[in-house]
Amino acid sequence: MKLTDLTPRARRLAGGRIGRGLARTVAVAAVALAGAWLGIMLGGTVRANVGPVELGMAAEPSWSGETVVDAHPFGTLLFDTHSAPVGLRVTLENINPDRARGFLDDPRYSADRLPALLEEELGAGVRTLILRAAFCGLAGALVASLVVFRRPGPALAGLLGVAVGIAGTGAAIALTFRPDSVVEPKYTGLLAGAPSLVGDAESIVTRFESYRVQLAKLVNNVSQLYDVVSALPVYDADPTSIRVLHVSDIHLSPIAWNLIRSVTAQFKIDAIIDTGDMTDHGTGPEDRFVEEIATFGVPYVFVRGNHDSVTTQRAVARQKGAVVLDGQAATVAGLRVYGLGDPRFTPDKSVPVDSDLESLAALGRSHADGLARLPKQVDLVAVHDPTIAKGFSGATSLVLTGHSHVRSTELLPSGTRVLVQGSTGGAGLRALEHDEPTPVEASVLYFDAQTHRLRAWDDITLGGLGEQSVQIQRHVETDPGRTISPVPTTAPSPTGSVSVTPTP
């Protein structure tokens, strides 16, 4: 008999029974799920000895399904290991000096065997956590269902539902597990317990100088810890790799000089590439700001931005170690770099900056055509505007750019990668125009010494003006030896009055 064959009263009764059954099922599932999570949170924690370190491991709800290593009070390492509604949190609880001494003194634990032993102990701890979390989750679901419903039927139904959910979560973790994520950690550290930076009687200049010094120390501390805790054999196995620091859009911010100096020393930088907008208005008095370039002790490649005048370019060129490129190529730290200054000079908002993007793209394409006629192959290109950068698609494997004050990267169909740097100066005084300060950003690029191809890069992010935090995120180039080939396009005729300023 169908429900439509019943009388209206019978249909209402049948519909009510179906609704009550559905509500009961939802209630049983909700209670069982809540009990399972409570059980996992209360009992699903284990301690494991991994080498000389005692680790605490816990499963916790997480929409992003990530692994977090908490090295409090220094900071945290985050790995995008899987996609499932459960995350793994690893906490450094204690360091056993006796066990550490035993590893050093016992000849059985050689440098070759120790990594395998540590991996075995870590794996055993994770397996114990999985079994314990599953047991505690099932026990929590059963107890919660019995307490709420006081009948074995709903309790068993809730237990079965949680068992299916745990099995499904395990399958999701296994299917989405990304072992390569361990070479792309994301480090976040806070300057905890720092002494007060200012006093009531101090001047603004003194306060800001103290802030700069504290940020420089913070970068040093975080980069040291990051270097210790991240094992990255992708390129660290080759000590001859070429390390380049990419900065952009400093906009007269002295914070940038502290960051550049710290990173250059800490990461053993071979060369610095600045993709423009070092100043705000390109005036003569701003020329003194560029004198810091001579103190870094490594080559400083500069291409002019739309806030930099020809006067600014000349001032940079006078500094020791500076390499100014504007339509030329130069060999720097073993890399062949082609640079092109921005054709515009728009120091204020009275002149539209992006009014003729097609002319900018055409400018990039015309210079890309000229690269093929150079006597030596170019390894990378440096320009200020991303629109010009994309015009070099297919002409080189890497283009560095800035201008937008927002960091991003794009792998073009031709195989060319465009790396857009944020503002290494936190956008200068423009940082005060928004509710949230613009972060201070720079990147360390690692090139293969033989092929001159990009192998990996570290994105360094400092909190904006007034903030005291730093983050370092590793990215690995998945196919460094990919073929670079131009994508056929119909190039429209350039319009407007964009022109290239001659090299002084």
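Here is the tour, from the whole chain down to single residues.

This is a predicted model, in which local features need pLDDT of at least 70 and side-chain atom pairs count only at pLDDT 80 or more, while totals for chains, interfaces and linings use all residues. Residues are numbered from 1 along each chain as its sequence is written, and side-chain values use heavy atoms, with hydrogens and water left out.

**Whole chain.** Color by pLDDT, the predictor's confidence in each residue, from 0 to 100. The mean for the protein chain is 76, with 69% of its residues at 70 or more. Now select 190–212: pLDDT is below 50 there, yet the stretch has 29 contacts in the model beyond near neighbours in sequence (contact means heavy atoms within 4.5 Å). Residues 228–235 are also below 50, with 14 such contacts. Where pLDDT is low, the predicted coordinates should not be read in detail.

Switch to cartoon: you get 10 helices and 19 strands (DSSP runs numbered from the N terminus, helices being H or I with at least four residues and strands E with at least two). Of the 504 residues, 44% are buried (buried is under 20% relative accessible area, exposed over 50%, partly exposed in between, with a 1.4 Å probe and protein chains only).

**Helix α8.** Select 310–317, then highlight Thr 312, Gln 313, Ala 315 and Val 316, which are buried. They sit on the same side of α8 because they cover an arc of only 160 degrees around the axis, taken from the directions from the helix axis to the C-beta atoms. At the N-terminal end, Ser 309 caps the helix, with a side-chain oxygen 3.3 Å from the backbone nitrogen of Thr 311.

**Ser 241.** Next, go to the loop between α6 (233–236) and β7 (242–247), where Ser 241 lies. Is Ser 241 buried or exposed? It counts as buried, at 9% relative accessibility. Leaving out residues up to four places away in sequence, Ser 241 touches Asp 270 and Phe 447.

**Two positive phi angles.** Asp 277, in the loop between β8 (271–274) and β9, is not a glycine but has a positive phi of about 60 degrees. Asp 277 is buried, at 2% relative accessibility. Finish at Ala 333, in the loop between β11 (328–332) and β12 (335–339). Ala 333 has a positive phi of about 55 degrees, again without being a glycine, and is partly exposed, with a relative accessible area of 32%.

Key
A polar contact is a pair of N or O atoms within 3.5 Å; within protein, one must be able to donate a hydrogen and the other to accept it, and residues adjacent in sequence count only if both atoms are side-chain atoms.
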